[in-house]
Structure formats: C-alpha cells, structure tokens
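Welcome to this short tour! Please open the structure in your viewer and keep the selection tool at hand.

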Amino acid sequence: MSTITEEVDVDVPVRVAYDQWTQFETFPKFMEGVREIRQLDDTHTHWVLDIAGQTREFDATITEQHPDERVAWHSDAGPDHAGVITFHRLDDAHTRVTAQMDIDPDGFVENAADKLGVLGHRVKADMKKFKHFIEERGAETGGWRGDVDRPTP
C-alpha cells in the first residue's frame, strides 16, 4: 500500500473550495483518467475510470464529511483505496487543500505506475488542475453542506 500526500493553495475562500470539492460529478473536468462519477446518495458514489486504456468501475463510501474541513472516503470494492481531503483557511481569500490517499494498486499496470511514481505525479497534477478550475471560475458549481460523522467501531 502506498500513501500519497499533495497540497495546493487556491485563491478562493475555504467555503468555495470545499463546496466545489463536494460536486463529485465535476471531477472529470480536473482529474485525469476519471470519466464519470455519479453521486448515488449522501454517502455513496460510483466511479468510472480509464486506467491505461482499461475501464475500471467501483463504488466508494464517504466515511466522514464536515463542511469547510474534510471529506474522507474508502472504496467498497475494486481498487483498494481510501483518503481524506482537508481544507485549511489561510485567510479570507485563500485556502490550502490537502489530499492524502492510501492506495493498494491492483494489477500489473497499476503496480508499475505506483512503483514509477506515476500515481503521485497524477495526484499532484490533478490538484493543480483543481486550483486552475476553481480559480478560473471564481465560484463553486454547487455544494453540499451536510455532515457525515465518522462511523463508530
């Protein structure tokens, strides 16, 4: 299992950055290889990815979500991964967005990409694309302000 951590400072208020991140359907606009994400309900999403020309689909569960602070998830099946995106207010107009993901690559192509650092480079590039996407717009495309508490063991 690999852990990838990347951060980017965006020139928008924390509420704008957080609200945009909760619009999962827009991820294909700034995440390479993500073809589609469907929000199934408040805590479940369905992902369709293109990995080296192969289509991969899986469901993920949002395990914790707190407005303007964090969104955490884990995959339900398929590629084993989990992560958290945190939002840190730097000042009224700037936010640090940090992505931390634990990924257990599945199959030869994903293992090779992990060993060569491709996955880390992709996350870094996607974070920069998110910065460009939200700063160019200047406003979020929508937002979900609900709270999802971490499950108790």
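Two strands count as a pair if DSSP finds at least two bridges between them. Keep in mind that you are looking at a predicted model.

**Stop 1: a pair of strands.** Select residues 80–91, which form strand 6, and residues 94–104, which form strand 7. They pair in the antiparallel sense over 11 bridges. Now pick Thr86: its bridge partner in strand 7 is Thr98.

Stop 2: Zoom out to find an open sheet of seven strands, in the order 1-7-6-5-4-3-2, with antiparallel pairing. At its edges lie strand 1 (2–10) and strand 2 (34–41), each of which pairs on one side only. On average, neighbouring strands of this sheet are turned by 20 degrees against each other, direction ignored.

**Stop 3: a helix on the sheet.** Helix 1 packs on the sheet and touches several strands, including strand 4 (54–66) and strand 5 (70–75). The direction of helix 1 makes about 160 degrees with that of strand 6.

Select residues 14–21 to see helix 1, and in it Gln20. Is Gln20 buried or exposed? Gln20 is buried, because its relative accessible area is 0%, and buried means under 20%. Among the residues that Gln20 touches are Phe130, Phe133 and Arg137.

**Stop 4: the core.** The largest nonpolar core has 35 residues; Val10, Trp21, Phe27, Trp47, Phe87 and Val97 touch the most other members. Helix 3 (residues 118–137) gives the largest share of this core, six residues. Finish at Trp47, whose contacts include Phe27, Val34 and Phe58.

Notes:
Residues are numbered from 1 along each chain as its sequence is written. This is a predicted model: local features need pLDDT of at least 70, side-chain atom pairs count only at pLDDT 80 or more; totals for chains, interfaces and linings use all residues. Side-chain values use heavy atoms; hydrogens and water are left out. Helices (H or I, at least four residues) and strands (E, at least two) are DSSP runs, numbered from the N terminus. Buried means under 20% relative accessible area, exposed over 50%, partly exposed in between (1.4 Å probe, protein chains only). Contact means heavy atoms within 4.5 Å. Axes are lines fitted to C-alpha atoms, for helices over the stretch in contact, and angles run from 0 to 180 degrees between N-to-C directions. A nonpolar core is a set of buried Ala, Val, Leu, Ile, Met, Phe, Trp, Tyr and Cys residues joined through side-chain atoms within 4.5 Å. Lists of a residue's contacts leave out its neighbours within four places in sequence.
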